[in-house]
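User: Hello! I am new to this structure and would like a close look at a single part, the sheet and what surrounds it. Could you walk me through it?

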Amino acid sequence: LPLLSLIFAEEGSDEAERLGQTQFTQPALFAVEVALARLWLSWGVRPSLLMGHSIGELVAAHIAGALSLEDAARLVCARGRLMQGCEASGAMMSIGATEEEVREALAGRETQVQIAGLNAPMQTVISGDADAVMSVGEHFEAMGRRVTRLKVSHAFHSHHMDSMLDAFREVAESCLFEMPTIPVIGNVTGKRLSNQEIMSPEYWSNHVRGA
């Protein structure tokens with residue numbers, strides 16, 4: 001499908017509905033983010049560090065020179081397609097709570113729901129089985145905390161992604177990674193990635209699964 005017509009689809013159209021499916025969402029986000037980065041570069045902006053959220057870290061890896069546009073796009077499309085094929089019965093939720101508070105609430109349910117992201121000191125995202133996610137959300141709502149269920153097709157960064165990891169790693173192994181010319185801050189650790197990490201298919205597999 002033409003990417004431009006998906007990105008600029010009218011609300012309520014079939015194409016706009018498709019954009020909500022992760023196999024289309026991820027290539028669309030990648031295209032927009034790469035375009036913005038190239039625009040800033042054309043204006044003379046030269047970053048000393050790069051960082052991107054989830055799919056955006058693959059954008060950062062490309063802009064850093066670790067992946068060609070072709071390989072990065074191929075990896076992004078494989079990521080979206082394989083994730084789309086995963087179990088679609090899960091949920092994700094943003095909770096106005098610290099990581100420690102959320103971990104305490106998840107005690108005993110670690111196989112059902114996991115922390116998917118730490119977006120801010122008081123904003124933690126959880127992901128996993130829908131019933132367990134909703135139960136944890138209700139716990140924090142009762143405490144007066146802000147709770148928002150995310151509009152996503154799948155429970156990303158949780159055990160719901162396990163079935164696609166081997167196939168995704170195979171695609172990553174077929175990519176030609178190069179030494180980056182700009183440092184990248186990694187989502188998995190929150191620290192600067194080593195050259196070995198950013199060029200490792202294993203890192204990108206962990207990036208799909210981990211918080």
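Analyst: Helices here are DSSP runs of H or I with at least four residues, strands are runs of E with at least two, and both are numbered from the N terminus. Please keep in mind that this is a predicted model.

Four strands make up an open sheet, arranged in the order 2-3-1-4 with antiparallel pairing. Strand 2 (113-120) and strand 4 are at the edges with a single partner strand each, so one side of each has no neighbour in the sheet. On average, neighbouring strands are turned by 20° against each other, direction ignored. Helix 6 (residues 99-106) packs on this sheet, where it touches strand 2 and strand 3 (123-129). The direction of helix 6 makes about 170° with that of strand 2.

Now for a closer look at strand 1. Strand 1 (residues 90-95) is joined to strand 4 by three bridges, and the two run antiparallel. Six bridges join strand 1 to strand 3, again in an antiparallel arrangement. Six of the six residues of strand 1 are buried. Gly90, Met92 and Ser94 point one way from the strand, while Ala91, Met93 and Ile95 point the other way.

Ser94 has Val125 as its bridge partner in strand 3, and it stands opposite Thr148 in strand 4. Ile95 has Val147 as its bridge partner in strand 4.

Ser163 is found in the loop between strand 4 (147-149) and helix 8 (165-173). Is Ser163 buried or exposed? Its relative accessible area is 63%, and exposed means over 50%, so Ser163 counts as exposed. Ser163 and Leu82 are 81 residues apart along the chain, and their C-alpha atoms are separated by 8.8 Å.

Finally, here is a residue in a helix. His207 lies in helix 10 (residues 201-209). His207 has a relative accessibility of 2%, and buried means under 20%, so it counts as buried. Leaving aside residues up to four places away in sequence, His207 touches Ser54, Glu57, Arg79, His157, Asn187 and Val188. With one of these, Glu57, there is also a polar contact from side chain to side chain, at 3.0 Å.

Technical notes. Residues are numbered from 1 along each chain as its sequence is written. This is a predicted model: local features need pLDDT of at least 70, side-chain atom pairs count only at pLDDT 80 or more; totals for chains, interfaces and linings use all residues. Side-chain values use heavy atoms; hydrogens and water are left out. Buried means under 20% relative accessible area, exposed over 50%, partly exposed in between (1.4 Å probe, protein chains only). A polar contact is a pair of N or O atoms within 3.5 Å; within protein, one must be able to donate a hydrogen and the other to accept it, and residues adjacent in sequence count only if both atoms are side-chain atoms. Contact means heavy atoms within 4.5 Å. Two strands pair if DSSP finds at least two bridges between them. Axes are lines fitted to C-alpha atoms, for helices over the stretch in contact, and angles run from 0 to 180 degrees between N-to-C directions.
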